[in-house]
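Hi,

Here is the structure I promised to pass on to you.

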Amino acid sequence: MKRCVILGAGELLTRPVPVRSEDYVIAADGGYRHCRRLGIVPDLILGDFDSVQEEEAGQIARIRQISPDSVTVLPVEKDDTDMLAAIRAGLSEGYREFYIYGGEGGRLEHTIANLQCLVFLKEQGAKGYLMGEKNTVFIIRDETVWFEERATGYLSLFSMGERAEGVTIRRMKYELADAVLTNSYPIGISNEFMGQRASVTVRRGTLLAILSEKD
């Protein structure tokens, strides 16, 4: 499947950003800084550029002069965040699998907004993964998701709505059968893989899933 890789302005310390030649890469606002540091040439630079430094702003302006279609300038006052605008751009290009780097850290409200962007992607029939320093975040909705035997670390599940029904967890340390998870009781935190092919089923509802590495 063709992938869209988006680099945001959040924390991106040591985790590598694997980019394939066929990937569509978007630098969302201050994510351009990460692209420069990593030697990644984005296909699209997009944002209101309120979080870029003066030198970077000058480089973006020069790129826009040479290749106008590769830079999209957004108004500062708008409904969509820069990340959501980048996601919409990727969807308009036909991409349905998104890997978002630099989407955590900094101001908490931006991280929460990016979690909501994952729900937006799911509603569009697309897959989204928020790639943190030691975790990967994605959405499970009305479906069964499988994890390979080699999976390690922790899996935490949180209801994104008032309740998620018919939650079944198989072949993990803590199993569930046809349970209800609510958004007021974090019972789904820190489950562990056991070297078996595990699964999570949600019959009705939306779960935020976080895969975390063990320290």
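Predicted model: local features only at pLDDT ≥ 70, side-chain atom pairs only at ≥ 80, totals over all residues.

Before we start, a word on names: helices (H or I, at least four residues) and strands (E, at least two) are DSSP runs, numbered from the N terminus.

**The largest pocket**

Which element gives the most to the lining of the largest pocket? That's α4, with three residues. The pocket itself has a volume of about 460 Å³. It has 23 lining residues, and those closest to its centre are Ala-9, Asp-29, Ser-51, Asp-82 and His-110. Two elements give two or more residues to this lining: α3 (82-92) and α4 (108-123). By type, the lining residues of the largest pocket split into five nonpolar, 10 polar and eight charged.

You'll find Asp-29 in the loop between β2 and α1. Its phi is positive, about 55°, although Asp-29 is not a glycine. Is Asp-29 buried or exposed? It counts as buried, because its relative accessibility is 2% and the cut-off for buried is under 20%.

**A cavity as well**

Rolling a probe the size of a water molecule over the atoms shows where empty space is left. Searching the whole structure turns up one cavity of 30 Å³ or more. The largest cavity has a volume of about 30 Å³. Its lining is made of Glu-11, Leu-12, Leu-13, Arg-15, Met-131, Gly-132 and Glu-133. Three of these lining residues are nonpolar, one is polar and three are charged.

**Helix α1 and Tyr-32**

Now go to helix α1, which covers residues 31-38. Gly-31, Tyr-32, His-34 and Cys-35 are buried there. What do they pack against? The partners are β1 (4-7), β2 (24-28), β3 (44-47) and α2 (54-66). Just after α1 comes Gly-39, with a positive phi of about 70°.

Leaving out neighbours within four places in sequence, Tyr-32 is in contact with Ala-27, Ile-45, Glu-56, Gln-59, Ile-60 and Ile-63.

α3 is mostly covered, with nine of its 11 residues buried. These are Asp-82, Met-83, Leu-84, Ala-85, Ala-86, Ile-87, Ala-89, Gly-90 and Leu-91. Asp-82 is also among the residues closest to the centre of the largest pocket. The buried residues of α3 pack against β1, β2, β3, β5 and α4. After α3 you reach Gly-94, whose phi is positive, near 95°.

The largest nonpolar core has 29 residues, and Ile-6, Ile-26, Leu-46, Ile-87 and Phe-98 have the most contacts inside it. The elements that give two or more residues to this core are β1, β2, β3, α3, β5 (97-101), α4 and β7 (135-141). α3 gives the most, with seven residues.

What does Phe-98 touch? Not counting residues up to four places away in sequence, Phe-98 touches Cys-4, Ile-6, Ile-87, Gly-90, Leu-91, Leu-121, Ala-126, Lys-127, Gly-128 and Tyr-129.

Arg-171 sits in the loop between β10 (163-170) and β11 (176-182). Arg-171 also has a positive phi, about 60°, although it is not a glycine. With a relative accessible area of 31%, Arg-171 is partly exposed.

Ala-151 is in the loop between β8 (144-147) and β9 (154-159). Ala-151 counts as partly exposed, at 21% relative accessibility. Ala-151 and Pro-18 are 133 residues apart in sequence, and 19 Å apart in space from C-alpha to C-alpha.

Cheers

Notes
Residues numbered from 1 in each chain as written. Heavy atoms only, no water. 1 Å grid on protein atoms, 1.4 Å probe; cavity = no way out; pocket = protein on both sides within 12 Å on 5 of 7 lines; lining within 4 Å. Points joined across faces, edges and corners; volume = space filled by probe spheres on them. Nonpolar A, V, L, I, M, F, W, Y, C, P; charged D, E, K, R; others polar. Buried < 20%, exposed > 50% of the residue type's maximum accessible area, 1.4 Å probe, protein only. Contact = heavy atoms within 4.5 Å. Core = buried A, V, L, I, M, F, W, Y, C linked by side-chain atoms within 4.5 Å.
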